[in-house]
Amino acid sequence: GQQLNQSPQSMFIQEGEDVSMNCTSSSIFNTWLWYKQDPGEGPVLLIALYKAGELTSNGRLTAQFGITRKDSFLNISASIPSDVGIYFCAGSITSGTYKYIFGTGTRLKVLA
Amino acid sequence: NAGVMQNPRHLVRRRGQEARLRCSPMKGHSHVYWYRQLPEEGLKFMVYLQKENIIDESGMPKERFSAEFPKEGPSILRIQQVVRGDSAAYFCASSLEPYNEQFFGPGTRLTVL
């Protein structure tokens, strides 16, 4: 089936550093979502992207819908300890859908 | 806080037993989705239900798995005759409309011994 490749798989960074992660697909997507999952909890939606080239921010988080429509990027600026968690991208071929393909996640650890 | 509730949070079963996972959607939400998450993997869609109806069960194994969302009460994901490979975290999400943001519950972590 379709797969999303997320990278890096995990990363350790120092508090205050900026973080970048990305997600690539073999198919063209029309919607990209970015979620964060804290340990023992369910995912929480961070940012939703609906148009190629779209750049959207949510506080210190910025996500972009790649021009090729086969990738998306998430940046976190000035990381803090509570940014720890697993970040998932999810994509859909169709717009206005309930069914998304999820990436395998980027595990972020922030060293104080 | 009327978020999505799931219980139990942890469930241990022996091979061959039945597992019943419950999900109460957010207040006012009538659309429920179940996902499975294996260790080190992303979530995989299993089934989408609206009150009393299964809308899409394309991600659900054909055997041993069933889901319902009755008129009254929580949505139930039922796994009969569990096997070790069923060990995973099962998440429920709900939405106000089918194409709106899905809000996830905390998950049920099923361990099959």
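Two strands are taken as paired if DSSP finds at least two bridges between them; helices (H or I, at least four residues) and strands (E, at least two) are DSSP runs, numbered from the N terminus. The views show a predicted model, in which local features need pLDDT of at least 70 and side-chain atom pairs count only at pLDDT 80 or more, while totals for chains, interfaces and linings use all residues. Residues are numbered from 1 along each chain as its sequence is written, chains are lettered from A and ligands numbered from 1 in the order in which they are written, and side-chain values use heavy atoms, with hydrogens and water left out.

**View 1. Strand E9 of chain A and its partners.** Strand E9(A), residues 85–92, is mostly covered, with 7 of its 8 residues buried (buried means under 20% relative accessible area, exposed over 50%, partly exposed in between; 1.4 Å probe, protein chains only). Strand E4 (residues 31–37) of chain A pairs with E9(A) in the antiparallel sense over 7 bridges, and here Lys36(A) has Tyr87(A) as its bridge partner. E9(A) is also joined by 3 bridges to the antiparallel strand E11 (residues 106–111) of chain A, where Leu108(A) is the partner of Gly85(A). Strand E10 (residues 101–102) of chain A pairs antiparallel with E9(A) over 2 bridges; in E10(A), Phe102(A) stands opposite Ala90(A).

**View 2. The disulfide of chain A.** A disulfide (a pair of cysteine sulfur atoms within 2.5 Å) joins Cys23(A) to Cys89(A), with an S to S distance of 1.7 Å. Because Cys23(A) lies in strand E3 (residues 19–25) of chain A and Cys89(A) in strand E9 of chain A, the pair ties together parts that are 66 residues apart in sequence. Both Cys23(A) and Cys89(A) are buried.

**View 3. The disulfide of chain B.** Cys23(B) and Cys92(B) are joined by a disulfide, S to S 1.7 Å. This link of Cys23(B) and Cys92(B) is left-handed, with -45° about the S-S bond. Cys23(B) lies in strand E3 of chain B and Cys92(B) in strand E9 (residues 88–95) of chain B, so the pair ties together parts that are 69 residues apart in sequence. Cys23(B) counts as buried because its relative accessibility is 0%. Over all chains, the count comes to 2 disulfides.

**View 4. An open sheet in chain B.** In chain B, 4 strands form an open sheet in the order E1-E3-E8-E7, with antiparallel pairing. The edge strands of chain B, E1 (5–7) and E7 (65–68), each pair on one side only. E1(B) is joined by 3 bridges to the antiparallel strand E3 (residues 19–24) of chain B, and Gln6(B) stands opposite Cys23(B) in E3(B).
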